[in-house]
Amino acid sequence: MAFSDYSDAFSYPEKIVQDLAADLSAKITDACIERLKSLSDSLLPDDEKVLENTWEEICVQVQSEESNFWEVYDDTVSEILCKELSKLPDYSIAALQFAEDFNESDFAYEYDIDELTAILKNAVYEKAGEYQSDSVSRFLESCE
């Protein structure tokens, strides 16, 4: 990226913070998804265990309908995201928070981990809504 990408001096800091926050968000959500892919403790009945991992179980629920255990899945995603956020230095957390509140006059100088977790969780669920695999497709077809 060239400095010409930041041609407006007034938007330069905002653009830097937003680009940094976007990069951090992508890394955190990707780490969360990789962790979910490593989990294989299914909450689905034995006859529905065609999915590869917890990530795929979340994907079919986002793409179809939530199971009775959705809250457990949702809590798992929140826990993983909180753990990922706890690994970051304060300035990275601040960049994420600042990118969300950049134009607000009531910018919070204290970090709101719950708010950041909710934002990141939405990003994870957006990716879940777009995810495709053979096992996800088979599962969704069997539900129709």
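Predicted model: local features only at pLDDT ≥ 70, side-chain atom pairs only at ≥ 80, totals over all residues.
In soluble globular proteins, nonpolar side chains tend to be buried together. In this model, the largest nonpolar core has 25 residues, and the members that touch the most others are I58, V77 and V124. At least two residues of this core come from each of these helices: α1 (12–38), α2 (54–63), α3 (70–86), α4 (90–101) and α5 (113–130). Helix α1 gives the most, with 7 residues.

Apart from its neighbours within four places in sequence, I58 is in contact with L36, W70, Y73, V77, Y125 and A128.

The next residue to look at is S135, which has its place in helix α6 (residues 134–143). Is S135 buried or exposed? S135 counts as buried because its relative accessibility is 4%, and the cut-off for buried is under 20%. Not counting residues up to four places away in sequence, S135 touches V50, L51, E52 and E56. With E56 there is also a polar contact, side chain to side chain, at 2.5 Å.

The last stop is D23 in helix α1. D23 has a relative accessible area of 37%, so D23 is partly exposed. In sequence, D23 and L96 are 73 residues apart. In space, the C-alpha atoms of D23 and L96 are 9.7 Å apart.

Conventions:
Residues numbered from 1 in each chain as written. Heavy atoms only, no water. Core = buried A, V, L, I, M, F, W, Y, C linked by side-chain atoms within 4.5 Å. Buried < 20%, exposed > 50% of the residue type's maximum accessible area, 1.4 Å probe, protein only. Helix = DSSP H or I, 4+ residues; strand = E, 2+ residues; numbered from the N terminus. Contact = heavy atoms within 4.5 Å. Polar contact = N/O pair within 3.5 Å; in protein donor to acceptor, adjacent residues only side chain to side chain.
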